[in-house]
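Please read each point with the structure open.

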Amino acid sequence: MRDQKNSDCAVLELDETALRADHLLALCRGDTLAIRIPGFASPSVIRCAEEHLLAHPERGALGHATEFTRLGIAYAEIRSDEVRRAYHQHAPGNIQRVRRLFGDLASPVDRLRTLLDDVWPEGARLLSVDGQKCFVGVCRYLTPGIDLEPHIDNLEWTLPKGIRSTLRHQLSANVYLQVPARGGELELWNVAPGKSEYAALQGDRHYGISRKNMRPPDVVVKPDTGDLIFLNPRFVHAVRPVLDKDRVTLSAFIGMTSEAEPLVYWS
Ligand SMILES: O=C(O)CCC(=O)C(=O)O
Ligand SMILES: [Fe+2]
């Protein structure tokens, strides 16, 4: 298990135009725990999200966990062939729904996609699994009282049987569209458990690690509205309980095989 106490360069704060492939590689290696790009979503994009996204009529409960709501099915929710089919079938429509919602403005998800394409030597593209397009840009709503327990994320857990991922690294990217005044901080640990270590920390929980089994986080980041934050989800991370209003994000995972291959993204 990687477990180094070194929070010197824990969070790198950058302007969008300064982002380079090396910064993403540093995140993959665990040299930095997060990259924060303030103001990635402009005030007019935020206003548009407030008008059209926050109370979206199709906002629904997450398949396996009704305390979380989201817009669009995420790959990590796939537990059956039926959901897998629905996921791919609705992927293009779900992408277009977020795009349309921003009207004449570029959606933060599309801006993230082009940013990754520009930054990475071989560009970036939407992930396909077995020839089928994935969705990207799930909108997650954490309502007051809700938190995300310490956890890690891994694409491999929900790939169809017989399909192995060639990804060497996975990153998370979140654009913060609404942040509560109190709560909703992102907690990061400089700890990347392997499969069996994670299972041991988890016990018989259906997701995540109990907070009492973790030391205090190495870094706590309070996102600001409009931020884009990248993190490495193989390192344990969590979100503190949201207190006064919904915490709303647009979210994507990013996969990396090598510098000679395009990045891939999905939700
Ligand atoms: O919403 C956040 O700040 C982080 C969510 C998360 O768990 C992830 O991006 O992997
Ligand atoms: Fe996560």
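1. The largest cavity is lined by Pro 108, Val 109, Leu 112, Gly 137, Ala 173, Asn 174, Val 175, Leu 250, Ser 251 and Ala 252. Two or more of these lining residues come from each of α4 (108-119), β11 and β17. The model examined here is a predicted one, and every value in this note should be read accordingly.

2. How many cavities of 30 Å³ or more does a search of the whole structure find? The search finds 1. The volume of the largest cavity is about 40 Å³. Its lining contains 7 nonpolar and 3 polar residues, with no charged residue among them.

3. The largest pocket has a volume of about 960 Å³. It is lined by 42 residues, and those closest to its centre are Ala 76, Arg 140, His 151, Asp 153 and Tyr 207. Sorted by class, the lining comprises 22 nonpolar, 13 polar and 7 charged residues.

4. Which elements each supply at least two residues of the lining of the largest pocket? They are the strands β5 (65-71), β9 (138-142), β10, β11, β16 and β17 (247-256), together with the helix α5 (195-202). The student may wish to locate each of them in turn.

5. Around the ligand stand Leu 148, His 151, Asp 153, Ser 172, Asn 174, Tyr 176, Leu 186, His 237, Val 239 and Arg 247. Two of these residues, His 151 and Asp 153, are also among those closest to the centre of the pocket. Asn 174 has a part in the lining of the largest cavity as well.

6. The shell around ligand 1 divides by class into 4 nonpolar, 4 polar and 2 charged residues. At least two shell residues come from each of β10 (148-151), β11 (169-178) and β16 (237-239). β11 gives the largest share, with 3 residues.

7. Several side chains place polar atoms beside oxygen atoms of the ligand. For Arg 247, a polar side-chain atom is 2.8 Å from an oxygen atom of ligand 1. For Ser 172, the corresponding distance from a polar side-chain atom to a ligand oxygen is 3.0 Å. In the case of Asp 153, an N or O atom of the side chain lies 3.0 Å from an oxygen atom of ligand 1. On its own, ligand 1 has 300 Å² of accessible area, and the protein covers 94% of this.

8. A further open space deserves mention. The second largest pocket holds about 260 Å³ of space. It has 16 lining residues, and Arg 125, Leu 127, Ser 128, Thr 166 and Leu 167 are those nearest its centre. By class, the lining has 8 nonpolar, 4 polar and 4 charged residues.

Technical notes: Residues are numbered from 1 along each chain as its sequence is written. Chains are lettered from A and ligands numbered from 1 in the order in which they are written. This is a predicted model: local features need pLDDT of at least 70, side-chain atom pairs count only at pLDDT 80 or more; totals for chains, interfaces and linings use all residues. Side-chain values use heavy atoms; hydrogens and water are left out. A residue is near a molecule or strand if one of its heavy atoms lies within 4 Å of it. A polar contact is a pair of N or O atoms within 3.5 Å; within protein, one must be able to donate a hydrogen and the other to accept it, and residues adjacent in sequence count only if both atoms are side-chain atoms. Accessible areas come from the Shrake-Rupley method with a 1.4 Å probe; for residues, only the protein chains shown count as cover. Helices (H or I, at least four residues) and strands (E, at least two) are DSSP runs, numbered from the N terminus. Ala, Val, Leu, Ile, Met, Phe, Trp, Tyr, Cys and Pro count as nonpolar, Asp, Glu, Lys and Arg as charged, and the others, Gly among them, as polar. On a 1 Å grid over the protein atoms alone, a cavity is a set of points where a 1.4 Å probe fits but cannot get out, and a pocket is an open set with protein on both sides within 12 Å along at least five of seven lines; lining residues have an atom within 4 Å of a point. Grid points are joined across faces, edges and corners, and a volume is the space filled by probe spheres set on the points.
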